[in-house]
Amino acid sequence: MPEVVIRTSGLTKVYQETKVPVKALGGVDLEIREGEFTAVVGPSGSGKSTLLHIIGGLDYPTQGQVEVGGHHLNELNDRELIDFRLEHIGFVFQAFNLIPVLTAKENVEFIMLLQKLPAKEREARAVQLLQEVGLGDRMHNRPSELSGGQQQRVAVARALASRPQFILADEPTANLDSKAAANLLNMMAEMNQREKATFIFSTHDQRVIEKARRVITLEDGVIVSDVTKA
Amino acid sequence: MLLLIAWRNIWRNPTRSIVVIAAIAVGIWAIALTVGFINSLSDSYIRNSINYDYSHLQVHHPQFLQEPEARYSIRNSKSITEYLQHNPEVKAYSQRVLINGMIASTRASSGVQIYGINLDQEKAVTSLDSLLIEGNYFTEKPRNAILISRKLADKLKAEMRTKLVLTFQDIEGNVTAGAFRVQGIFDSPSPRLTEGGVYVRQQDLNQLLGTDTLVHEIAVLMHANTQTPAVAQELRSKYPASEIKTWEELSPELELIQEQSNLTMAILLVILMVALAFGIVNTMLMAVLERERELGMLMAIGMNRQRIFSMILMETVFLSLVGGPVGCLLGYVTVTWLGDVGIDLSAWTKGLQQYGYSTKLFPFLSIKEYILMVASVVLTAILAAMYPSYKAVKLNPIEAMRS
């Protein structure tokens, strides 16, 4: 059985932005094994994005522990978290994923540039990934010249470019039509197999949930079900 | 790639970037013109002072400038003039007898400096003959002719051929006097000579002084100003018994004019740079606020704060690097053109001449001044970009992406 690569215990997050504290996560205990293709589902405000942000090192929990790939994220400072994200996490967001002034290929290369990889290696990997996500013929187009689905594919290619251990996708299909959403999910599942990265994505889209091999359901910040398909 | 992103980012909103670039360019152009004009003013003052008054350097008895008395005549004046005659860097020289005295007409009197001159030498050094607006250069009257300035003539209520009496102390300290008749009225660009300089023949003055061996001043005109320090140094080492002074040493106000010109440029630069800084801060803050989500995303995927800071800084530097040279080029073209055709200020002739300026000015700028302007713009841009860059790096990735 693959080893556990993400472990949270008693993960709590309380937002104190207004006078009334808002509890986004209320003690989440979770284990995710290497190579899983997991959907975190639930209604709006259930804490899906917060959970992904904390696992991705974008936010700190109010209470509880989070260990990702052997790193205790609570103990990392801001600068160390940035390096952690660069080396271990690939992000796909709902929107505004790409740098508008760069072409698809440059966007994919950019993350590898931050990792200081050699130019030749960057270019070869960017071309390979864009071909794998079906955008071999659009790599010199800027995001504004691509459809929403194509932009998300570039985002997935960009997320994989740095060879991260984990891909975290926050509502990646929210702005896509059904066909584009299905295509993106199929492609992500394929990349999960090919690149051996652990995929976790939040969604409340039923069509997406069906593609996941494990479905964790959150409600009011707590896990109400955790189902792994056979 | 960071450079590429920064460069492309400034063209995301071309109108805004072009406005900033234009503001930088027009600002530099305006400064170039103003500084070019100020340079031409101070240059005309200095040139007039050299060509019509001080010359490039002067030789005196070491005591003469402190106590301008007849007895302080230059020792070895013959040897010095021989040296000057054979020095190829020297264009011309003029030996003068200088006496302080009083001039009186029947209606008024005034204190003056009396120049006893060698006619040909003085003509070659100060072009005195060309400054005459009435009369002639000692050609009519063989003896006791005098040239006075327009201003002095007005003060003494004198005209051509008016008889004037010069009173002064001779070499032994006795008061002596001589009657001279106005043979010419001049209008000098030198305020000093206009105020109180009169010219007579050297032999006429010597006769009244009771000697013909006095030389109080030797004014030396060089072919080029750059040769002045070297010749002055050589004269100093050859003739240590005489005092050699360059025009800069003789006329501290000339140095003051130059310093004022530099100060004016510095003040103008600071004013422009402050205005520019506010423009840049405003533009770059807008650029940062508009791109909050994108900056948040960049931080989320692993772009560190140092790189974000550098990117915003680079965008600002690019704006100034485009605007700066454009402004310099515009300034160069305009200043060069005006430097060729000149700026005619003859409408203000009286005022300008009173202060020793020419009525036609030829603006110019040195390479150093161009470099200073561009460097100031780039430095201002970097300083102005600090705050927007700081705002960018202080963004929280999640909040920024939510905004």
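Start in chain A by selecting helix α3 (residues 104-114) and helix α5 (residues 148-161): their axes come within 8 Å and cross at roughly 25°. Axes here are lines fitted to C-alpha atoms, for helices over the stretch in contact, with angles running from 0 to 180 degrees between N-to-C directions. Helices are DSSP runs of H or I with at least four residues, strands are E runs of at least two, and both are numbered from the N terminus.

This is a predicted model, where local features need pLDDT of at least 70, side-chain atom pairs count only at pLDDT 80 or more, and totals for chains, interfaces and linings use all residues. Residues are numbered from 1 along each chain as its sequence is written, chains are lettered from A and ligands numbered from 1 in the order written, and side-chain values use heavy atoms, leaving out hydrogens and water.

Back to the helices: α3(A) and α5(A) are therefore roughly parallel to each other (angles under 35 degrees count as such). Now show the side chains in contact (heavy atoms within 4.5 Å). On α3(A) pick A104(A), N107(A), V108(A), I111(A) and M112(A), and on α5(A) pick V154(A), A157(A), R158(A) and A161(A).

Next, select K13(A) and D59(A), whose side chains meet in a salt bridge at 3.3 Å, N to O (a side-chain nitrogen of Lys or Arg within 4 Å of a carboxyl oxygen of Asp or Glu). K13(A) sits in strand β1 (residues 4-15) of chain A and D59(A) in the loop between α1 (48-55) and β4 (63-68) of chain A, so the pair ties together parts 46 residues apart in sequence. Over all chains, the whole structure has 25 salt bridges.

Methods
Angles under 35 degrees count as roughly parallel, over 145 as roughly antiparallel, 65 to 115 as roughly perpendicular and the rest as oblique.
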